[in-house]
Amino acid sequence: MSFRSALFAASALIAATNAHITISNPVPYSADQVKIDKAAITADQFPCKSQYGFTVTQMNSMKVGEPQKLEFDGSAVHGGGSCQLSYTPDTEPTKDSVFKVIKSIEGGCPGVDGTKSFEYTLPDSIPNGKGTFVWSWFAKMSGAPEFYMNCAPIDVTGGASDASGLDALPDMFVANIASTTCTSPLNHAVKFPNPGENLEDGGTNDTEDPTGECGATGSTPAAPSAGAPAESAPVSAPVESAPVASATAAPVPTTLATIATQAPVASAPVASAPVASSPVSATIPSSTAPANPDSGSETGGSTGGSTGAAGTCSSEGAIVCNGADQFGICNGGSVVWQAVAPGTTCSNGNVQKRSMYYGRPALHARRV
């Protein structure tokens with residue numbers, strides 16, 4: 001990979017990461033690192049972005065029965081989705097920790113046009129003393145099924161004398177990571193299998209059931225088996241082109257970084273038969289951004305400005321096309337144009353393989 005390509009890939013990844021969401025109230029563990037890394041969680045990082053440790057940046061004091069406020073940092077709400085607020089008595093949670101749901105929000109979380117705050121109260125089954133508050137989010141339109149999770153240290157008063165009452169609460173819903181086959185729906189807010197008694201309807205009328213083995217209450221994922229390959233991004237299933245003869249298409253990239261750098265391989269044509277590769281792309285909310293007024297069209301069919309130029313946009317976190325040969329990620333109302341990878345094109349907020357057609361060879365009259 002050239003230095004220029006690596007720079008473009010890094011800038012795309014940084015823009016996407018900065019545009020995601022983290023909680024700001026309560027203050028999460030290792031807040032400085034978590035605020036920088038706002039990306040979705042993987043099975044290796046479960047729970048709580050554990051790779052950053054559990055440094056108590058600020059202890060959050062909470063009293064059972066008193067209204068608490070959930071607030072966010074970031075801008076890309078990905079059309080909303082569904083969230084759960086959970087609790088574990090473990091002060092340094094592990095993959096074996098049990099997370100119990102105290103509130104579920106189906107639709108419109110953490111917001112639709114931008115973040116909003118939510119109110120909740122700790123039930124009287126939460127024990128006194130230190131424990132961990134958990135926010136989990138399944139975005140509606142993130143391009144692929146993803147799982148976001150932040151954790152915060154809390155010190156509880158006015159609660160139970162022990163943790164025995166926690167068993168009555170449902171387990172936290174877990175999906176979209178390698179340790180489970182459960183997958184949240186694309187372009188819909190997930191409907192939790194067991195949201196618990198404290199359920200808030202976001203009023204978006206866009207919920208849909210998850211697929212896969214999600215269990216009656218969701219489930220805490222088991223630790224990955226030894227030697228299992230690390231995942232780079234949570235996806236529901238690999239997408240492949242249909243095989244033609246002995247040639248197959250390379251897997252379609254599903255992360256923003258690989259979209260910027262990896263060129264798909266077209267299926268090889270079979271002799272005397274036309275074959276076309278169908279474009280496949282992740283569903284990502286689109287936005288239309290005006291071309292840079294100071295830049296003219298480039299050769300190769302580009303309709304926008306030169307690579308590295310900036311434009312404006314309105315849908316935070318969305319992929320924006322600048323003609324067929326350039327794309328960018330909307331961040332803070334602006335977008336930096338980047339060239340698409342060879343063999344791909346940008347259209348309607350998606351970077352996808354170019355359509356290919358191999359025509360039938362011309363037939364020549366036989367000479368007599």
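**Close-up views of a predicted model**

**View 1. Pairing of β15 with β17.** In this predicted model, strand β15 is joined to strand β17 (residues 338-339) by two bridges, and the two run antiparallel. Within this pairing, Phe327 stands opposite Gln338 in β17.

**View 2. The hairpin of β14 and β15.** Strand β14 (residues 319-321) pairs with β15 in the antiparallel sense over three bridges. Cys321 stands opposite Phe327 in β15. Four residues lie between the two strands of this hairpin, and Gly323 in the turn has a positive phi of about 75 degrees. In a regular strand, side chains alternate between the two faces of the sheet. Along β15 (residues 326-329), Gln326 and Gly328 point one way, whereas Phe327 and Ile329 point the other way. All four of these residues are buried.

**View 3. The open sheet β1-β3-β6.** Three strands, in the order β1-β3-β6, make up an open sheet with antiparallel pairing. Its edge strands, β1 (21-25) and β6 (118-120), each pair on one side only. On average, neighbouring strands of this sheet are turned by 40 degrees against each other, direction ignored. Four bridges connect β1 with β3 (residues 68-74) in the antiparallel sense, and Thr22 stands opposite Asp73 in β3.

**View 4. The largest nonpolar core.** In soluble globular proteins, nonpolar side chains tend to be buried together. The largest nonpolar core of this model comprises 28 residues. Those with the most contacts inside the core are Leu70, Ile102, Tyr120, Leu122, Ile126, Phe133 and Trp135. At least two residues of the core come from each of β1, β3, β4 (81-88), β5 (100-106), β6, β7 (129-139) and β8 (148-157). Leu122 touches Met62, Val64, Gly65, Ile102 and Val156, residues up to four places away in sequence not being counted.

**View 5. A separate nonpolar core.** Another core, of 22 residues, lies apart from the largest one. Its members include Tyr29, Phe54, Phe147 and Phe192.

**View 6. Segments with pLDDT under 50.** The protein chain has an average pLDDT of 75, and 65% of the residues score at least 70. Over residues 1-18, pLDDT stays under 50, and the model has 25 contacts beyond four places in sequence for this segment. Over residues 217-304, pLDDT likewise stays under 50. For residues 217-304, the model has 174 contacts beyond four places in sequence. Where pLDDT is low, the predicted coordinates should not be read in detail.

Key. Residues numbered from 1 in each chain as written. Predicted model: local features only at pLDDT ≥ 70, side-chain atom pairs only at ≥ 80, totals over all residues. Heavy atoms only, no water. Pairing = 2+ DSSP bridges. Axes fitted to C-alpha atoms, helices over the stretch in contact; angles between N-to-C directions. Core = buried A, V, L, I, M, F, W, Y, C linked by side-chain atoms within 4.5 Å. Buried < 20%, exposed > 50% of the residue type's maximum accessible area, 1.4 Å probe, protein only. Contact = heavy atoms within 4.5 Å. pLDDT = per-residue confidence, 0-100.
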